[in-house]
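Hi,

Here is the structure I promised to pass on to you.

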Amino acid sequence: MPEAWWKERVFYQIYPRSFQDSNGDGIGDLRGIISRLDYLKSLGIGAVWLCPVYDSPNADMGYDIRDYEKIMTEFGTMEDFDELLRGLHERDIKLVMDLVVNHSSDEHRWFVGSRSSRDDPYRDYYIWRDGKDGREPNNWASFFTPSAWSFDETTGQWYLHLFAEKQPDLNWENPSLREEVYAMMNRWFDKGVDGFRMDVISLLAKAPGLPDGEGEPGAGGYVFSSEHFAFQPRLHEYLREMRRRCFDGRDCMCVGETAFVTTENANSVVGDGRELDLLFQFDLMDVDSEGSKWNAVPFEPLKFKQVMAKWQRAIDWNTLFLGNHDQPRAVSRFGEVSTPELWKRSAKCLAACVYLQRGTPFIYQGEELGMTNAPFETRGQLRDVEELNLLALCKSEAELARAWRGIKAKGRDNARTPMQWSAGKNAGFSTGEPWIMVNPNCSWINAEAEERDPDSILSFYRELIALRNSSPALLRGGWQELLPEDRQIAAYVRNLGDEEYTVLCNLSGEQAGLPCALGKFGEPVLANMPADLAANTLCPYQALVLRRS
Ligand code: TEU
Ligand code: CA
């Protein structure tokens, strides 16, 4: 019996602004995606996660929605959207929309009304509070600004924004607000979309009374108080209501971006299918930083595989990903880019290691090409509000140098440089001036070149996805770890019935020993380099998948 479709398909995440420009304005758009539908099909993926395409002033690149039911002008029209949806469905590719309902844009009509007067019918769609002794209502810091509060002169109160000032938090305690969100979601479902990726869904409920955080004060003395706004009790009530009102009775799916999820609370939102179907956890994204994301620490294979194993054991069905639009490029942070050979081999090794586990793979655009971090040097090249706000806080050369080290290693713009289609002008992304710098290495890292190379990362991703799609054991089999203590090799077995696969990945840059010859694990079915089955070692970044039945 096939499982739910979202368990049987590989997802591909599209950041539309940087995927393909069709009209030469330097900004990716829906018609650009339409022109690449056959490329998407050629990957073997079965679903697309489309980052926000709704009308937005782009304070946070579309994660600040001004109208939930209008397409962002620079991305195209609703007719373009309908054509894209048809084009995907004709190719048996599902479409999952990114939806941001923890906050809206401050230019949304709800907030324009809400801030106009304390008696406005939309006042209570947002979180307004009186200040305390002339200061913010509490000491909360935001993800993007020192304080999570901004004062509004017109009505003399503060409003909450866990992200940028232009992203006021919606008040989910208000049933009218919730009703409006559900109605909007159902209208998108009625148009034929197949599901939603729910942005920072774990933050919808805030602690009653909005108490001060007790943690370490950060910039400006404010305290990042996620213990008061993540996984709060009423979250489950909202998610269950949303499931009943929007998802029940439809062949659809809901994947939540569950910031601050842990292996302890994960099953409270995905355990019984009454809330989310899938969740994104970020423990793997945090293995190369300590405390703040900006404090990069060396990548350690053992830590990486321990996090993967912890999550394979913690919940029955994981999402499997190496990056997204908020993360630096995987091969630059977890692989090796010092030589073309190691760049190619390590990118393939990471993919085999992560995507053959038990769960649903989510590939981020350009990852299948081995796209790398970009050589940002100046503030003028940056576009991300998170990076720009970080620089704005720096008060000394030393702080600036530290911030730049963080931005170069972990900045979100690294994942947002244009898709590298060819070695031509602007990497074939646009005939106009792109909205953000094109990575100069598009001269050799590009789809056109990799299409022609059977040994390319692109070719490997196609083989990997085809192998997964063809194998019940890889699609829905069990998972058992091998060599748990090994500091270099990630190894696990996937089995179902009499079909068994062993995945062996040397995540390190050194030779690694095995307890037995490779051939003992079966017949090789996927490899990122020639393998000597009599050997009991793996070369640096060597990956090998063997099948026994
Ligand atoms: O991300 C939320 C989130 O947790 C990330 O912003 C992450 O904390 C940060 O980038 C790491 O430093 C979602 C969206 O994916 C992101 O693009 C938005 O900026 C954010 O929510 C606000 O909507
Ligand atoms: Ca365009």
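Below are my notes, one region at a time. Keep in mind that this is a predicted model.

Next, a sheet. Three strands make up an open sheet in the order E6-E8-E7, and the pairing is antiparallel. Strand E6 (128–129) and strand E7 (149–152) are at the edges with a single partner strand each, so each has one side without a neighbour in the sheet. E7 pairs with strand E8 (residues 157–160) in the antiparallel sense, over four bridges. To find your way around that pair, look for Phe-151, which sits opposite Trp-158 in E8.

On one hand, E16 is joined to strand E15 (residues 489–496) by eight bridges, and the two run antiparallel. Tyr-492 faces Val-503 of E16 across this pairing. E15 and E16 form a hairpin with two residues between them, and Gly-497 in the turn has a positive phi of about 60°. On the other hand, E16 is joined to strand E20 (residues 543–548) by six bridges, again antiparallel. Here Tyr-501 has Arg-547 in E20 as its bridge partner. Is E16 enclosed or left open by the rest of the structure? It is largely enclosed, because seven of its eight residues are buried.

Glu-368 belongs to the loop between strand E13 (359–364) and helix H12 (385–392). The Glu-368 side chain does make a polar contact with the side chain of Tyr-39, at 2.6 Å. If you leave aside neighbours within four places in sequence, the contacts of Glu-368 include Tyr-12, Leu-43, Met-419, Glu-450 and Tyr-461.

Gln-281 is in the loop between strand E11 (278–280) and helix H9 (301–314). Its relative accessibility is 7%, so Gln-281 counts as buried. Its side chain reaches the backbone nitrogen of Asp-283 at 2.8 Å, and it also makes a polar contact with the side chain of Trp-311 at 3.4 Å. Neighbours within four places in sequence aside, Gln-281 is in contact with Val-261, Trp-311 and Phe-321.

Finally, Ala-205. You'll find it in the loop between strand E9 (195–198) and helix H7 (234–247). Ala-205 is buried, with a relative accessible area of 3%. Again leaving aside neighbours within four places in sequence, Ala-205 is in contact with Phe-229, Gln-232, Arg-234, Leu-235 and Tyr-238. Ala-205 and Glu-227 are 22 residues apart in sequence, with 11 Å between their C-alpha atoms.

That's everything from me for now.

Cheers

Terms used
Residues are numbered from 1 along each chain as its sequence is written. Chains are lettered from A and ligands numbered from 1 in the order in which they are written. This is a predicted model: local features need pLDDT of at least 70, side-chain atom pairs count only at pLDDT 80 or more; totals for chains, interfaces and linings use all residues. Side-chain values use heavy atoms; hydrogens and water are left out. Two strands pair if DSSP finds at least two bridges between them. A polar contact is a pair of N or O atoms within 3.5 Å; within protein, one must be able to donate a hydrogen and the other to accept it, and residues adjacent in sequence count only if both atoms are side-chain atoms. Contact means heavy atoms within 4.5 Å. Buried means under 20% relative accessible area, exposed over 50%, partly exposed in between (1.4 Å probe, protein chains only).
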